[in-house]
Amino acid sequence: MNLAVREKTKMSQAGKTIRINIRHFSGRLSGGFTLLELTIVIFLAGLFLSITVPAVRETLLSDNLKTASRTLVATIIKVRDLSITEYQDHTLFFDIENGKYWYEKAGIDESEALTAKDQARTLPEDVRILDIDQYGSERKTDGEQRIRFSRKGYMRYSLIHLGDKGNRKFTLVLEPFLGKVKIMEDYLSFEDIASKDI
């Protein structure tokens, strides 16, 4: 055989080898997963998510006692901050029996006070105000109670006790000079808190 024919044969054999390798490689790709296998995996993933996501969402989002406590703390901080920035006394009112709360600034007229009361926030149906205890005063379990914030942001040392239908209880601790509000689990008195701080 002459040189040209040998080169042509080598090239055609090389081409066959390449074609065989490509076919072999693409055969592996197409044999990786079948449509049925992918469908089963997607179905199982969907089933897993449909079972776990509602349970997680229920735990995170439906704890009305925690949500109500955080919302009330945010309102307390807001009223305190308004007292300081406007340099004017503000009062946070609680309607204990109806689970409502609202705030007013000092010196407003009667119509403004009625508007503020009409715009009161209401606790979730399964959460209630158990009582409000201000240091040095009698604990209030019904009617209206108020916590006043001075223009410097000071308030009386107070405890707001919240509970839910599951008989869980939280205590919101309003610290007078620091302006902090702590949420503590369980129903705590001033003595309980003093003994925990030591």
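The structure is a predicted model, in which local features were considered at pLDDT of at least 70 and side-chain atom pairs at pLDDT 80 or more, whereas totals for chains, interfaces and linings use all residues. Residues are numbered from 1 along each chain as its sequence is written, and side-chain values use heavy atoms, with hydrogens and water left out.

The protein has 198 residues, of which 31% are buried (buried meaning under 20% relative accessible area, exposed over 50% and partly exposed in between, with a 1.4 Å probe and protein chains only). Its secondary structure comprises five helices and eight strands, where helices (H or I, at least four residues) and strands (E, at least two) are DSSP runs numbered from the N terminus. Read from the N terminus, the order of these elements is α-α-α-β-β-α-β-β-β-β-β-β-α. Of the contacts with a separation of 6 or more, 52% are between residues 24 or more positions apart, a contact being defined by heavy atoms within 4.5 Å.

The mean pLDDT, the predictor's confidence in each residue on a scale from 0 to 100, is 83, and 79% of the residues reach 70 or more. Over residues 20–29, however, pLDDT stays under 50, and the model has zero contacts beyond four places in sequence for this segment. Where pLDDT is low, the predicted coordinates should not be read in detail.

The largest pocket has a volume of about 220 Å³. A pocket is here an open set of points on a 1 Å grid over the protein atoms alone, where a 1.4 Å probe fits and protein lies on both sides within 12 Å along at least five of seven lines; lining residues have an atom within 4 Å of a point. Grid points are joined across faces, edges and corners, and the volume is the space filled by probe spheres set on the points. The lining includes K78, Y101, W102, Y103, E112 and R121, and the elements that contribute two or more residues to it are α3 (64–85), β2 (100–105) and α4 (110–118). By residue class, the lining divides into six nonpolar, three polar and three charged residues (Ala, Val, Leu, Ile, Met, Phe, Trp, Tyr, Cys and Pro count as nonpolar, Asp, Glu, Lys and Arg as charged, and the others, Gly among them, as polar).

The loop between α3 and β1 (90–95) contains D89, whose side chain is joined to that of R148 by a polar contact of 2.7 Å. A polar atom of the D89 side chain also lies 3.0 Å from the backbone nitrogen of R151. Beyond its neighbours within four places in sequence, D89 is in contact with residues including S83, K105, F149 and S150. Y87 is located in the loop between α3 and β1; this residue has a positive phi of about 45 degrees although it is not a glycine, and is partly exposed at 49% relative accessibility.

I129 is placed in strand β4 (residues 127–134) and is buried, at 6% relative accessibility. Although I129 and L162 are 33 residues apart in sequence, their C-alpha atoms are 4.7 Å apart in space. Leaving aside neighbours within four places in sequence, the contacts of I129 include F94, I96, L123 and H161.

Technical notes
Polar contact = N/O pair within 3.5 Å; in protein donor to acceptor, adjacent residues only side chain to side chain.
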